[in-house]
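Visitor: I would like to learn how to read the packing in a model such as this one. Could we take it feature by feature, with the general idea ahead of the case?

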Amino acid sequence: MSLLAGLGAGGGGPAPKERARGAGHRWLLAPGLVYLTVFFIVPVGALLATSLYVPVPGGELGQYQPALHWQNYVDALSQFWPQLVRSFVFAAIATLACLAIGYPMAYVIAVRARGRSLLQGLLLVLVIAPFFTSFILRTIAWKQILADEGPVVAALRFVHLLPPDGRLTATAFAVVCGLTYNFLPFMVLPVYASLERLDPRMLEAGADLYASPVTTFRTVTWPLSLPGVVGGTLLVFIPAAGDYVNSSLLGNNTNTAMIGQVIDARFFKVLDYPTASALSVVLMAAILLLVAGYVRRAGTEDLL
Amino acid sequence: MTRNASPDPVLRELMARAGSAGLSRRTFLGLLGAAGSAAALAACGTGGGTAASSSGPAAGTGGKAGTLRWANWTLYIDLADDHVTSPTLKAFQKSSGLTVEYSEDIDDNDSFYGKVKGQLANGQDIGYDLVTLTDWMAARWVRQGYTATLDRSAMPNTSNILPNLANVDYDPGRTHSLTWQSGFGGIAWAKDAVPGGLATVSDLWKPELKGRVEVLSEMRDTIGLIMFDQGVNPASDSWGDTEFENALDVLKAQIANGQIRSVKGNSYKEDLVSGDAVAVIGWSGDIQQLNFENDDKFTFAIPEAGGTLWSDNLMVPITSGQVTDAQKLIDYYYDPEVAATVAAYVNYITPVQGAKQAMEKVDPTLVDNELIFPSEATLSKVAMFRTLTTDEETKYNNQFLDAIGA
């Protein structure tokens with residue numbers, strides 16, 4: 001580019017063309033910028049503003065007026081910190097579980113099934129197949145599978161992994177299982193994309209240099225798949241932390257309530273927009289901080 | 001950089017012009033963006049529920065002549081075997097020449113209100129000409145002037161309304177709302193799992209039912225029934241914070257000790273069917289419908305101490321311009337035979353006098369069904385939760401949500 005610019009400066013003619021081309025590139029951003037402004041920046045601004053509103057004195061339910069009432073944040077956090085912490089703990093466990101289950105899956109599809117494109121395609125379709133059904137329906141189906149009179153509980157009771165009056169639905173276990181199940185494809189696909197590019201000759205080289213399979217995995221495969229792992233964990237963790245479908249369908253509302261459920265209830269049940277907005281802002285900020293810290297530690301230049 | 005390097009003064013001038021044009025385009029875009037966001041913010045502000053004028057919005061013009069858009073709850077009208085078309089609605093469209101766009105868009109009073117309140121406050125069409133909302137929510141709409149006035153003289157059938165529904169505290173004379181169906185809140189159980197049955201709300205707290213009990217997330221039913229159990233009539237004006245908190249303490253204790261498995265909206269029905277719940281606080285019509293699908297597995301009862309009575313009400317939003325046509329539809333559903341047809345399907349209490357006689361023709365087996373045609377004795381055992389003030393509603397809702405953990 002600089003070479004071209006230098007040539008242009010000599011000739012005089014191509015210079016304006018060059019400039020016009022630069023401006024044209026900038027204009028390509030316009031649709032995205034307008035979209036982000038209308039559907040992201042403006043709503044976030046409205047959210048921030050609403051989080052500081054106060055009720056209209058003597059007003060109807062759900063009527064608020066603009067103010068700078070920072071106390072809303074203190075109140076919201078002191079009342080709902082358990083649900084907030086629980087959301088991050090559940091999301092973290094679900095993310096680890098997704099990694100533990102999803103990595104081997106992605107490895108088999110990307111490395112072991114390499115060269116057999118039919119098998120590879122079939123396995124990938126199986127990973128994506130759950131998306132053909134509604135998220136809600138799949139979660140409700142889990143409720144039936146894990147029900148007290150269902151096969152899973154009966155089997156676990158039979159082998160004494162569950163006491164005779166034990167149960168799975170309406171427990172934290174069920175909620176985390178639901179999160180893991182629902183977000184698993186978001187882990188498998190990015191890891192698959194990374195491992196797919198893995199050159200098998202590197203593994204052979206590792207073996208030739210007398211590295212054990214474990215060492216080869218630790219020093220070759222794992223570092224090369226890291227961009228996929230980082231992408232996958234983010235894609236699982238972020239939506240899982242804000243999810244409220246699993247906790248409301250598979251949970252029991254008191255020991256399993258997550259922050260998304262609280263925001264939903266505050267917004268629709270009691271029309272408490274300031275608290276709901278304050279919690280949303282806190283959730284966004286917390287996720288942003290956690291993700292920023294994580295990405296910095298994991299070093300994701302390769303991602304970009 | 002290229003600009004300075006250019007030796008030609010004419011070219012330099014041209015580029016300067018282009019530069020200034022680019023700048024102004026950018027400025028223009030910036031201004032446009034700022035104006036757009038300000039307008040959007042302003043819209044969000046009012047839509048999000050900032051102070052609305054107390055005088056209420058003016059009468060609306062929303063909708064299309066000849067078409068009625070009706071929002072109702074799921075399984076709340078007679079349906080043919082295809083589970084889609086309603087025979088009574090089909091007959092009405094044929095006789096009136098109107099088109100009815102019937103939608104099952106309401107699954108929660110609060111969420112529905114949350115979705116349309118911004119438009120209501122601004123006087124914009126909410127997309128419905130008829131809505132079906134529960135008493136306390138209907139009271140809120142009437143109080144805020146969100147409902148059109150109904151001309152009862154144009155609706156002769158509506159004089160068939162049951163005497164105990166003809167006047168309600170939030171709409172005296174019924175000029176803004178008319179009952180669609182009513183029902184009881186009470187206790188229900190699976191016969192095989194609870195062979196001895198239950199008589200009171202306290203029976204739900206028996207040790208053998210631990211972890212298999214579910215209660216409704218509808219505050220007025222769950223708290224109302226516990227209040228009855230504690231000897232307080234939730235319909236009377238004499239109870240206050242102390243009585244409410246006493247009832248709430250019972251709920252909290254039973255959630256904390258694991259007796260109550262979960263607090264559910266409509267989905268308690270699925271848990272009864274799957275067996276996760278064997279005893280519940282639930283609604284009469286739900287249990288009847290479940291029994292049709294599950295060989296009479298369940299029993300519904302009004303507790304000895306008393307049960308709650310609630311109604312869902314047809315109202316025309318102030319934003320709709322189709323009041324005359326909406327009145328025709330309401331009038332049609334107050335015809336005893338039509339009312340009996342609907343009641344035979346939905347199994348809730350019909351508000352129409354004469355529907356019992358008409359039921360002889362529709363389905364004789366239901367004529368003596370106490371849950372569709374309650375006797376005086378049954379009606380004396382139930383009461384409507386009293387209308388709360390705005391402050392009470394905010395406070396109690398918060399306390400209740402806090403207790404159920406959401």
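Visitor: Which residue lies over the face of Trp239(B)?

Guide: In this predicted model, Arg386(B) is placed over the face of Trp239(B), at 4.2 Å from the ring centre. A further case is Arg140(B), which lies over the face of Tyr113(B) at 4.8 Å from the ring centre.

Visitor: How many aromatic pairs does the structure hold, and how should I read one?

Guide: A pair of aromatic rings is described by two values, the distance of the centres and the angle of the planes. Over all chains, the structure holds 30 aromatic pairs. In one of them, Tyr113(B) and Trp141(B) have ring centres 6.5 Å apart and planes at 50 degrees, so the pair is tilted. Tyr113(B) belongs to helix α4 (residues 109–122) of chain B and Trp141(B) to helix α5 (residues 135–143) of chain B, so the pair ties together parts that are 28 residues apart in sequence.

Visitor: Are these two rings, Tyr113(B) and Trp141(B), buried or exposed?

Guide: Both Tyr113(B) and Trp141(B) are buried; Trp141(B) counts as such because its relative accessibility is 0%, where the cut-off for buried is under 20%. Trp141(B) also pairs with Tyr146(B), and since their centres are 6.4 Å apart and their planes stand at 85 degrees, this pair is edge-to-face. Tyr146(B), at 5% relative accessibility, counts as buried too.

Visitor: Which residues form one aromatic cluster?

Guide: One aromatic cluster is formed by residues of chain B, including Trp70(B), Phe92(B), Trp180(B), Tyr268(B), Trp310(B) and Tyr333(B).

Visitor: Which residues have the most contacts inside the largest nonpolar core?

Guide: In soluble globular proteins, nonpolar side chains tend to be buried together. Here the largest nonpolar core has 124 residues, and those with the most contacts inside it are Trp70(B), Trp141(B), Leu251(B) and Tyr333(B). Strand β4 (residues 178–190) of chain B supplies the largest share of this core, namely seven residues. The core also draws at least three residues from each of domain 1 (67–182 + 310–366) and domain 2 (184–307 + 387–404) of chain B.

Visitor: With what is Leu251(B) in contact, leaving aside its neighbours within four places in sequence?

Guide: With those neighbours left aside, the contacts of Leu251(B) include Val215(B), Ile223(B), Ile260(B), Phe400(B) and Ile404(B).

Visitor: What separates the centres of the two domains of chain B, and how many residues does the contact take from each?

Guide: Taken over C-alpha atoms, the centres of domain 1 and domain 2 of chain B are 27 Å apart. Their contact takes 15 residues from domain 1 of chain B and 17 residues from domain 2 of chain B.

Visitor: Which residues of helix α6 of chain A are buried, and what covers them?

Guide: An α-helix has 3.6 residues a turn, so residues three or four places apart point the same way. In helix α6 (residues 135–145) of chain A, the buried residues are Arg138(A), Thr139(A) and Lys143(A). Seen down the axis of α6(A), these buried residues fall within an arc of 155 degrees, so they line one face of the helix. Their cover includes α8 (172–196) and α11 (245–250) of chain A, together with β6 (260–264) and α8 (268–274) of chain B.

Visitor: How many helices and strands does chain A have?

Guide: Chain A has 13 helices and two strands, and buried residues make up 44% of its 304 residues.

Note on methods: Residues numbered from 1 in each chain as written. Chains lettered and ligands numbered in written order. Predicted model: local features only at pLDDT ≥ 70, side-chain atom pairs only at ≥ 80, totals over all residues. Heavy atoms only, no water. Core = buried A, V, L, I, M, F, W, Y, C linked by side-chain atoms within 4.5 Å. Buried < 20%, exposed > 50% of the residue type's maximum accessible area, 1.4 Å probe, protein only. Helix = DSSP H or I, 4+ residues; strand = E, 2+ residues; numbered from the N terminus. Domains from an automatic or database assignment. Contact = heavy atoms within 4.5 Å. Phe/Tyr/Trp six-rings, centres within 6.5 Å; stacked < 30°, edge-to-face > 60°. Lys NZ or Arg CZ within 6 Å of the ring centre and 35° of its normal. Arc of directions from axis to C-beta.
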